[in-house]
Each structure stands twice: as structure tokens, then as C-alpha cells.
Amino acid sequence: MAAADELAFHEFEEATDLLAETPDAATVSRSDPLTPQGHVAVAMGSAGGYGAEEEMEESDKTALLQEEKQQPGFWTFGYYQSFFDVDTSQVLDRIRGSLLPRPGHNFVRHHLRNRPDLYGPFWICATLAFVLAVTGNLTLLLAQRRDPSIHYSPQFHKVTVAGTAIYCYAWLVPLALWGFLRWRAGARERMGPYTFLETVCLYGYSLFVFVPTVVLWLIPVPWLQWLLGVLALALSAMGLVLTLWPVVREDTKVAAVALLSTVVLLHALLALGCKLYFFQPLPSADVAPAPQAISLPPTVLPPPSLPQPTAAS
């Protein structure tokens, strides 16, 4: 009897309830080996509401999981990981935007698009510092080849000086600029300043134009070096001014002109300092002059005196 009861067909309450709720549904008997024996599948029509309710429950669970996911703190690596989540095409597009500034084309709005990164600025600053130190040493080495009187020794401290100067400029100046814009935004309600990371990103990419310029400074032609420096400074400063102008134009004319003039002046001081410090000529070595042979005039000897003849007595 027990075996016969086990082989008998049993009604499942779940299927019965589903059929009662949706009389239009069709029951399908499956012979799938993965399906348990006696399982009844209920096929819902397009008008049935059971599948829609399941989808709504799944979407609600997903939304709750996203809300419960906590953002990492700023002291953790996970917080800064998103700022390095960029691909090569995005970095190249931002570099092209910094090299070719044009009116009406905002670098932050057209290239960053509310997704600033620290990957590009970090490596641009590192590359510029390294290239400055190396080309500065190569310039002095080539100068010694042309003029043996110049005394040259490798100056490894220039790597530290270049890195400190570039990174301090790329972080401290944007910090001061962002703080000033935030303060002016309180005075002018229509001003909408960029975020701090957008300002850092703007300054970091603006320094890329100096990387090829520093390499070209190896050409030992002074007027060409200064011309290349002025062109690089003009392109970089123009990108900063065109990007900052939509933010400061709502301020007073005096404040806007003073701010943009300060930005351009600090940029010019950075370029001028790099040119004069890393590419300054070395002084000539103190070489003792060779002793010159001085020809002394021959001593004029008086003619020998002849004996005077004695008078005969």
C-alpha cells in the first residue's frame, strides 16, 4: 500500500493556487530530466500579472542593494579608484583638447563631461618632471662637448627639484583657484564654479604642451628655444582662460580680469623658471693660463777697453 501511495498522482497546492488566480493559464507537463516528477508548470499569458510582479520584485531588490551599498571613505583606495578608471581613447581626447583650444569649446564640458580623472594629470606631471631633468643634463653635456672649458657633472638633484615644482604647481594652484571661485560663488549666485577635481584635471592636461617643448629645447639655438617656449605658454594659457571665462564672466569686471591675469602670470612664471633653472649655462672652469715665455733683451756689454799706450820717458 505504501508503494502504491507513493506512485499515485498528487496535487500541488502552489499550482492549484496559480490556476485559481489565473484561469486563462495553460498547464504544461514537462519530461525534462532536471524537472522533478509530478511538477506542473504554469504558462502565463501576456495578460497575466504574475510575471510582471516578479519583475517588479527583482527591480526592487536591485534598487535596495544599490542603496545599501556604502560608498568607500576618502581614506581608502576604493574612493580614488574611480578617478583612475579611464581608457586610452579618453586620455588622448583630453590631450588633444588641451593642445587645440578654441573659443566656444569648453574643456571641462566637452572633454571631461563630469568625469574628471587623475590618471592623465598624474602621468603628465611625472613625464614633464623627468623630461625636464634629463634634457637639462643633456643640454649641459652637449655644451661641454662644444666648449671643453665648461665643467660638467651629473646633476641628479634636478629630478627632485622638477618633481617638487611641477606637482606643487599642479595641486596647490588649482586648490587656491577653486577656493577663490567658491568664495566668489557665495557673493555671486549665478556663478557655478568647477569642482576641485575638475580644476586639477584642467591644470594637469594644460601642462602636456610643455613636454614636447622641453624636448625641442635641446636644439642649441637660443632664439628658437624662446620662441617655442612662448608658443607653448600661449597655447596652455589660452586653454585655461577659455575654460575659466564662463565661470568668472558673471563676476565683476575687475575681479574677472584680476583672476585671469593671475592665472596667466603664474603659468608664465612656471615656464620661465623651468627655462632659466634647468637650461642655464654652466660657468667655465678656472684654468690657469699657461706661462708665456718672455724674451729678455740681450745684455749690452761694454766694449772691452784697450790698454792705453804709455808715453816714453
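Modeller: Please keep in mind that this is a predicted model; a search of the whole structure finds one salt bridge, and it is formed by the side chains of R94 and D117.

Colleague: Why is the contact between R94 and D117 called a salt bridge?

Modeller: The distance from N to O is 2.2 Å, and the definition asks for a side-chain nitrogen of Lys or Arg within 4 Å of a carboxyl oxygen of Asp or Glu, so the pair qualifies. In general, side chains of opposite charge can pair when their charged atoms come close.

Colleague: What makes R94 and D117 a link between distant parts of the chain?

Modeller: R94 belongs to helix α5 (residues 88–99), while D117 lies in the loop between α6 (107–112) and α7 (119–146), and the two are 23 residues apart.

Colleague: How do you know whether R94 and D117 are buried or exposed?

Modeller: Buried means under 20% relative accessible area; R94 has 3%, so R94 is buried, and D117, with 0%, is therefore buried as well.

Colleague: Why is F84 called partly exposed?

Modeller: F84, which sits in the loop between α4 (77–81) and α5, has a relative accessible area of 38%, and because this value lies between 20% and 50%, F84 is called partly exposed. Together with Y119, F122 and W123, F84 makes a nonpolar surface patch of about 410 Å².

Terms used
Residues numbered from 1 in each chain as written. Predicted model: local features only at pLDDT ≥ 70, side-chain atom pairs only at ≥ 80, totals over all residues. Heavy atoms only, no water. Helix = DSSP H or I, 4+ residues; strand = E, 2+ residues; numbered from the N terminus. Buried < 20%, exposed > 50% of the residue type's maximum accessible area, 1.4 Å probe, protein only. Patch = residues over 30% accessible without salt bridge, like charges linked within 9 Å, V, L, I, M, F, W, Y side chains within 5 Å. Areas by Shrake-Rupley, 256 points an atom, 1.4 Å probe, with all protein chains shown as cover.
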